[in-house]
Amino acid sequence: MSDTAVEIKNLRFSYPSRNVQILHGIDIHVPRGAIVALMGGSGSGKTTTVRLITGQYPIPAGSSVVVDGEPIERLDLAGLYRLRLRLGMLFQNPALFTDLPVGENVAFPLREHSQLPDATIRDLALMKLHAVGLRAAAARYPSELSGGQQRRVALARAIAFDPKILLYDEPFAGLDPVSLTIIAKLIKELNEHLGSTSIIITHDVEQTFEIVDLVYLMWQGKVIASGTPAEMRASADPIVSQFIHGSADGPLPFHLPGSDYRRDLRLADAP
Amino acid sequence: MNEGRDSSLGRSRRRKGVIPAIRRLGWPLVEKTYFLGTFARFCWMIAARVPGCLKRPRLVWVQVYHLGTLSLPIIIVAGLFIGLVIGLQFHTILDRYGQTQVVGAAVAIALFRELGPVFAGLLFIGCSCTAVTASIGLKRSSEQFAAMEVMAVDPLEREIAPRFVAGALCLPLLTVILLAVAITGTYAIVVLQIGMDEGFFWGNMQRFTKFFGDFTEGLLKSVVFGVMSSAIALYHGYSARPTAEGVARATTNTVVYASLTLLGLDFVITSLLAS
Ligand SMILES: Nc1ncnc2c1ncn2[C@@H]1O[C@H](COP(=O)(O)OP(=O)(O)O)[C@@H](O)[C@H]1O
Ligand SMILES: [Mg+2]
């Protein structure tokens, strides 16, 4: 067994529906058992990267994504589905099944893939919900929960099958400070108890740096910096320090690249 | 980056000239052909998954229940009015020829062969198929299908195929219900209201209406309509653009395409069986 959970090499990608390159050759190495943070501005391609790790889009030629020892680009559909049984993913939006109650949402992967008796599945689902503090909401529908609560349900669903590799797309968004601390602790504990590997997309520098082993900083489709939290904090790179401190001034652009502002406003002295 | 010059932000202007004109002519054709191709492929993908989903009949029954209950009230009310109106009309027409004793049979034949399956089909499209398109479109746009795929569950088998089978089962059932209610409506107007002899009404209906021929033709139609309208509804939901407008448009398209196809197929089946 190799000590690498996810190995991404020279990943370039553009969505089939839009002819714009989103990822410009990124390299990411995720050691087994580690918690790795993927950080960076919104629209920089983090969600796209984890979508490709789970094989939701075909990997273009020349790029390689190896997950748990299996090169995604060479797997057929059956192989991909077998690999996905070892993955758990928390979606950014959080993609709960709106026609199922919360408890059934969490039980869904168990019902689909295990032959366990109904009562056991129900108990397991309740235990996962308890871990995210929402056992009392098991009978409610996702639309009756707040955004942060839905995210916690999605988290319970992602861990329902005790996966080897966990992908969390913005697990902390919309959480109050107390929930945030609890969920961060939960992610850390899961990693230790299940022996799994986690990739977290997040914007919360303080909370993330406390639990992760490695940080990758992405900007506009490229990895612009990486290292341990301590290395990132100590980094003299103006880009890294601007991101960590969230300052407005610095080399990182806030605006989407485009035409000249003054020309868009049709000012007389526009170039 | 030149698009920004237009004062309308992001809206492209219609180009003039010969080549763009030809392009505008040809594009709808290409689009329609493309639509037929993707629709055929989609149908094939569902068909391949029907055996798998039949292994889990519970999923199908849940959908039969949903789709059926959506259309049932309107099917019953509509059936009653159709029966009342057809009974009244046929009685008026047959009265001119002094043939009112066969009104029961005439109404039954018209309902079984034509009106029952077509009305039930159109109502089913309006009530259940639109709901299918909207819910599939929303599930897809909120990444629920992507979430399923990442959990190694095939959404086509788990969500689409059961709805397809359920639609194909539901419409014949609803058609039979509509027929029964409509006949009751005719009975109410012709026998109870106008005062025709009850024995004549039921007796002639039994004598002149054929189970094989009249009833089976209608049943065959309703099965074909059920298969067709569920496939169209699912296709439009599944291929809807992941926005509110996209789903709205897909729902409209379901009604338009499914209704027109239903009426066209109705003619085709009738003429095939008549020859
Ligand atoms: N399904 C999609 N189709 C086309 N473009 C997309 C899609 N999803 C995201 N994008 C584009 O890809 C870029 C990166 O998006 P994303 O990976 O979601 O960023 P992040 O998660 O880092 O905020 C954005 O510019 C976005 O507009
Ligand atoms: Mg994102």
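**Legends to close-up views**

**View 1. The bridge partner of A:Val66 in strand 5 of chain A is A:Pro71.** The model is predicted; local features are given for pLDDT of at least 70 and side-chain atom pairs for pLDDT 80 or more, while totals for chains, interfaces and linings take in all residues. Residues are numbered from 1 along each chain as its sequence is written, chains are lettered from A and ligands numbered from 1 in the order in which they are written. Helices (H or I, at least four residues) and strands (E, at least two) are DSSP runs numbered from the N terminus, and two strands pair if DSSP finds at least two bridges between them. Strand 4 and strand 5 (residues 70–71) of chain A run antiparallel and are joined by 2 bridges. They form a hairpin with 2 residues between them, and A:Asp68 in the turn has a positive phi of about 50°. Strand 1 (residues 4–14) of chain A also runs antiparallel to strand 4 of chain A, with 4 bridges; here A:Val6 has A:Val67 as its bridge partner. Strand 4 (residues 64–67) of chain A has A:Val65 and A:Val67 on a covered face, and A:Ser64 and A:Val66 on an uncovered one.

**View 2. An open sheet of 6 strands in chain A has the order 6-7-8-3-9-10.** The pairing in this sheet is mixed. Strand 6 (87–90) and strand 10 (222–227) of chain A each have a single partner strand, so they stand at the edges, and one side of each has no neighbour in the sheet. From one strand to the next the twist averages 15° (axes are lines fitted to C-alpha atoms, for helices over the stretch in contact, and angles run from 0 to 180 degrees between N-to-C directions). Strand 3 (residues 35–40) and strand 8 (residues 197–201) of chain A run parallel and are joined by 4 bridges. A:Ala37 stands opposite A:Ile200 of strand 8 of chain A.

**View 3. Strand 7 of chain A (residues 165–169) is mostly covered.** Of its 5 residues, 5 are buried (20 or more other C-beta atoms within 10 Å of the residue's own; exposed means 12 or fewer, partly exposed in between, with C-beta atoms placed from the backbone). A:Ile165, A:Leu167 and A:Asp169 lie on one side of the strand, A:Leu166 and A:Tyr168 on the other. Strand 6 and strand 7 of chain A pair in the parallel sense over 4 bridges, and A:Leu87 stands opposite A:Ile165. Strand 7 and strand 8 of chain A also run parallel, joined by 5 bridges; A:Tyr168 has A:Ile200 as its bridge partner. With helix 6 (residues 177–194), strands 7 and 8 of chain A make a right-handed β-α-β unit (with the strands pointing away from the viewer, the path from the first strand over the helix to the second runs clockwise).

**View 4. A:Ala95 and A:Glu170 are loop residues of chain A.** Most residues other than glycine have a negative phi. A:Ala95, in the loop between strand 6 and helix 3 of chain A, has a positive phi near 55°. A:Glu170, in the loop between strand 7 and helix 6 of chain A, has a positive phi of about 55°. A:Ala95 has 24 other C-beta atoms within 10 Å and is therefore buried; A:Glu170 counts as buried because it has 21 C-beta neighbours inside 10 Å.

**View 5. Ligand 1 has residues of chain A around it.** Among them are A:Tyr15, A:Arg18, A:Gly43, A:Lys46 and A:Thr47 (C-beta atom, placed from the backbone, within 6 Å of the ligand). Helix 1 (residues 46–53) of chain A gives the most to this shell, 3 residues. The shell has 2 nonpolar, 7 polar and 2 charged residues (Ala, Val, Leu, Ile, Met, Phe, Trp, Tyr, Cys and Pro count as nonpolar, Asp, Glu, Lys and Arg as charged, and the others, Gly among them, as polar). A:Gly45 lies 9.6 Å from A:His24, C-alpha to C-alpha, and 21 residues from it in sequence.

**View 6. A:His24 is in strand 2 of chain A (residues 21–31).** A:His24 counts as partly exposed because it has 15 C-beta neighbours inside 10 Å. Leaving out residues up to four places away in sequence, A:His24 touches A:Arg12, A:Gly221 and A:Lys222 (contact means C-beta atoms, placed from the backbone, within 7 Å).

**View 7. Chain A is in contact with chain B through 19 residues, against 12 residues of chain B.** Helix 2 (77–84), strand 6, helix 3 (102–113) and helix 10 (261–264) of chain A each give two or more residues to the side that touches chain B. Helix 3 of chain A gives the largest share, 4 residues. By class, this side of chain A divides into 9 nonpolar, 6 polar and 4 charged residues.

Definitions and conventions
Contact = placed C-beta atoms within 7 Å.
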